[in-house]
Amino acid sequence: MIAKILVDIKAKNVDKTYDYSIPLEYSDILEIGARVIVPFGKRFTMGFCLEIAESSDYKKELKPIERIIDMESYLTEELIELARSIQVETSALLIKILETMLPAALKVVYKPKIQVINKEDIDESIQSVFEYTDQVLLESVAKEFYPQIQKEIKKHNIKQIYDIKSKNKSLSYKFAKLTNKPIDKISEKQMSVVNYLKKKKNLEANVSNTQKSLCITSSVINTLEKHGYVKTYYKEQYREVSSLYKSVDKDVVLNEDQEVAYKRIMEELGNEFIFLLHGVTGSGKTEIYLKVIEKVIEKNQSVIYLVPEIALTPMMMSRFRNRFGKLVAMLHSGLSTLEKYDEWRRVVAKEARIIIGARSACFAPVDDLGLVVIDECHESTYKQDNTPNYYAVEVLKKRIKYHNAVMILGSATPNIDSYARQIRGYYELLDLPKRAINSTLPQVEVVDMKKEFISGNSSTFSLKLQEEIKERLEKKEQVILLLNRRGHSNFIICRNCGHVFQCPDCDISLTYHEYSHSLKCHYCGHDEKIPKKCVKCESEDLRYMGSGTQKVEGELGLLFPNAKIVRMDNDTTRKKNAHERLLHEFENNGDILLGTQMIAKGLDFPRVTLVGIIQADNNLYISNFRAPEKTFQLLMQVSGRAGRRGILGKVVIQAFNPDHYAIKYACNNDYLGFYHHEMRIRKLAKYSPFYYMVELKIMGPSMRDSFYNGIEIVKHLKRNLNNKPIVLGPAIPEVRRIKTKYICEIIIKYRDLGNLNEVLNDVLDKYQMNENYIRIDRFPNVG
């Protein structure tokens, strides 16, 4: 038998499988997806078994697999095929894709062990392995015992566990356990340990606690282990993921529109099917998800539920935990690496069947997928820009095809591509046109900030918004204010010579952050102290320009000194669980919640009756064809936070371009009007959804070399592509240098795939060399 192994070396020239012979003792044990140790060149390395075959095309003698790391595989054949398809689409290294699928905690140093569960029932041939202890390192067991050990694992008489040691922090607690070896001639301190362990359940105890209780050093236990009286090991412990929010069960009776949508979804369970659930903010989409999930769980199937920023939805999580208890696992950036590892292990063990998470949860290791829910499906956070570049929505489409599962794409503002696909029949539309609990949509008023400035009001806040805030505070109601720009001031300029302080590694101005009294780059993270004088002319006449959330927070404090203000942006939410603490603080004690776009979705506060949007047209004119769509979605989403209960809500939108069509359609809550307007523009410009798109970014240390490399790539594309594409570029983007790399961009528009994948691979082989790097983005229409 032959195993095809992908070695754990991140280099393009070895990113393929190599044939190894399977030793006789492993022939009935090795599984596809298992990790193994193999000889590679003059060293040994870890690898993944991606295929098992009868024979090899390699004519010379094959090297054998050195040993198996895992007795059970965590990479299913489905995930392996999924990784291969992502590799074809993105040209990323296959080993890098597999690494992305697995939790980061598995990169630790660890040793697999086997533990006996039912000692009386195991076969006599391996009784000697567990003569003095019920746990042994797998590598210390003779290979001839492996076949019988695997049989006992399948009978649940033995299980595989791990002795885990992190490179920087332990993943588990160290335990000591008495063995069956008779005690003979030990010291008084050693006997105290023996007596202490005899009193403990299962004759085991935490080593740290034992040392503290008996006032002994680690050498006492180490000596006992050396003589075989005690066995130490690292015991895995699930870390509890808790919430500040109390679990609240809202068993809501579905209204007529919800009931129609629910019944239609239930009809398709068990089939590959995609629904687009288009419901206004507050229409009760989550309750439909919950009721469908209940039925899927009853069938013993699993659910993947994606949310764009899970750390912002603790209230939703409390509902899930209350209804489904420990069946819920969370996989998101708000958890530590080790907490994510524990949640992942619960999914593997099928202790959790509902996986809620951000985009990486699309790779959850389930083998019985029945339902996929993608909430706020329009969000660009479902796309990963770093290598490997993937879009979680497209990944999950492949997975529902494999499992014959249902997908629900839910949003109040579906992206243009998704709505166009339902019109063409690829998705089925389910409409929720009304709010679920009979509350009405908020009133919207637009303030032209040009007129405010002419009238003498130079404040960030219009007089109208100030009046509305004052009125809400007097009524003890709450306010949400959106400003999609963090920091204090956008940049610092010298009023004498006009010099603007720039990032040394990026072509972008540095942003002033008051809390750290420093200048920061929001692209590369560069940080430097506030200058006292201009670096060019040495003038001390420096001016802070523009407004960010920190500056606006200060202005709010002056206007409303008695108001409790909570600020949410990337600066205030860096610490673990900071999102939840801030939201909890606002709900219970806050008056005004000020934040960036992270406060625009997933929040449901009954006392919020006013939403103010500062600089609504801030991102309308960036060089992205989706800028109007993203502005429209943001305005609609944040407007939906107001008046979600009985009290009528109000939205005040401040803009310098109030007549822009994106703002006007958002004010009128007219999604279809915006959709048809945007489709006319995109048809003329030949953009998505009328054309598929691929973007190439050429990056290098020299602008000249990157640009000329781009010119040659464009020539190559036009000569070799057979799908009649439109090739645009190379062009220099708004920010032409990031992290010392100069960038130029190429856009390919096409309707038929043709030989695009092959030609793009040729481009990488021919033009990506030395310090010049090419990144392929298959989803430039997202983000």
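Predicted model: local features only at pLDDT ≥ 70, side-chain atom pairs only at ≥ 80, totals over all residues.
Two strands count as paired here if DSSP finds at least two bridges between them.

Strand E1, residues 2-7, runs antiparallel to E2, and five bridges join the two. To find one of these contacts on your screen, look for Ile 5, whose bridge partner in E2 is Tyr 18. This pair of strands belongs to an open sheet of five strands, with antiparallel pairing and the order E2-E1-E4-E3-E5. Strand E2 (17-21) and strand E5 (67-68) stand at the edges of that sheet; each has a single partner strand, so one side of each is left without a neighbour in the sheet.

Strand E22, residues 478-482, pairs with E30 in the parallel sense over five bridges, and Leu 482 stands opposite Ile 613 in E30. E30 also pairs in the parallel sense with strand E31 (residues 650-655), over four bridges. Here Val 611 stands opposite Val 651 in E31. How many of the six residues of strand E30 are buried? Six of the six residues, 608-613, are buried, so this strand is largely enclosed by the rest of the structure.

Now let's turn to charged side chains. The count of salt bridges in the model comes to 44. One of them joins Lys 434 to Asp 257, with the closest N and O atoms 2.9 Å apart. That pair links distant parts of the chain: Lys 434 sits in the loop between E20 and strand E21 (443-448), Asp 257 sits in helix H7 (residues 256-268), and 177 residues separate them. Because its relative accessibility is 52%, Lys 434 counts as exposed.

Arg 472 and Glu 468 both lie in helix H14 (residues 463-474), four residues apart, which is about one turn of the helix. Their closest N and O atoms are 2.7 Å apart. Are these two side chains' residues buried or exposed? The cut-off for buried is under 20% relative accessible area. Arg 472 has 7% relative accessibility, so it counts as buried, and Glu 468, also at 7%, counts as buried too.

Lys 697 pairs with Glu 745, the closest N and O atoms being 3.8 Å apart. Lys 697 lies in strand E32 (residues 692-700) and Glu 745 in strand E35 (residues 741-750), so the pair ties together parts that are 48 residues apart in sequence.

Some charges gather at the surface instead. Arg 424, Lys 683, Lys 686 and Arg 751 form a patch of positive charge there. One of these, Arg 424, is found in the loop between helix H12 (416-423) and strand E20 (428-432). Arg 424 counts as partly exposed because its relative accessibility is 46%.

Finally, a few spots in the backbone deserve a visit. Most residues other than glycine have a negative phi, and most peptide bonds are trans. Where does the model depart from this pattern? The peptide bond from Thr 387 to Pro 388 is cis, with omega near 0°. Pro 388 has its place in the loop between strand E17 (383-384) and strand E18 (390-391). Another cis peptide bond joins Gly 729 and Pro 730, with omega about 5°, and Pro 730 is found in strand E33, residues 726-731.

As for phi, Ser 91 is not a glycine, yet its phi is positive, at about 60°. You will find Ser 91 in the loop between helix H1 (77-90) and helix H2 (94-101). With a relative accessible area of 16%, Ser 91 is buried. Asn 669 likewise has a positive phi, near 55°. Asn 669 lies in the loop between helix H18 (661-667) and helix H19 (671-685), and at 33% relative accessibility it counts as partly exposed.

Notes
Residues numbered from 1 in each chain as written. Heavy atoms only, no water. Patch = residues over 30% accessible without salt bridge, like charges linked within 9 Å, V, L, I, M, F, W, Y side chains within 5 Å. Areas by Shrake-Rupley, 256 points an atom, 1.4 Å probe, with all protein chains shown as cover. Salt bridge = Lys/Arg side-chain N within 4 Å of Asp/Glu carboxyl O. Lys, Arg positive; Asp, Glu negative; His and termini not counted. Charge placed at Lys NZ, Arg CZ, Asp CG, Glu CD. Buried < 20%, exposed > 50% of the residue type's maximum accessible area, 1.4 Å probe, protein only.
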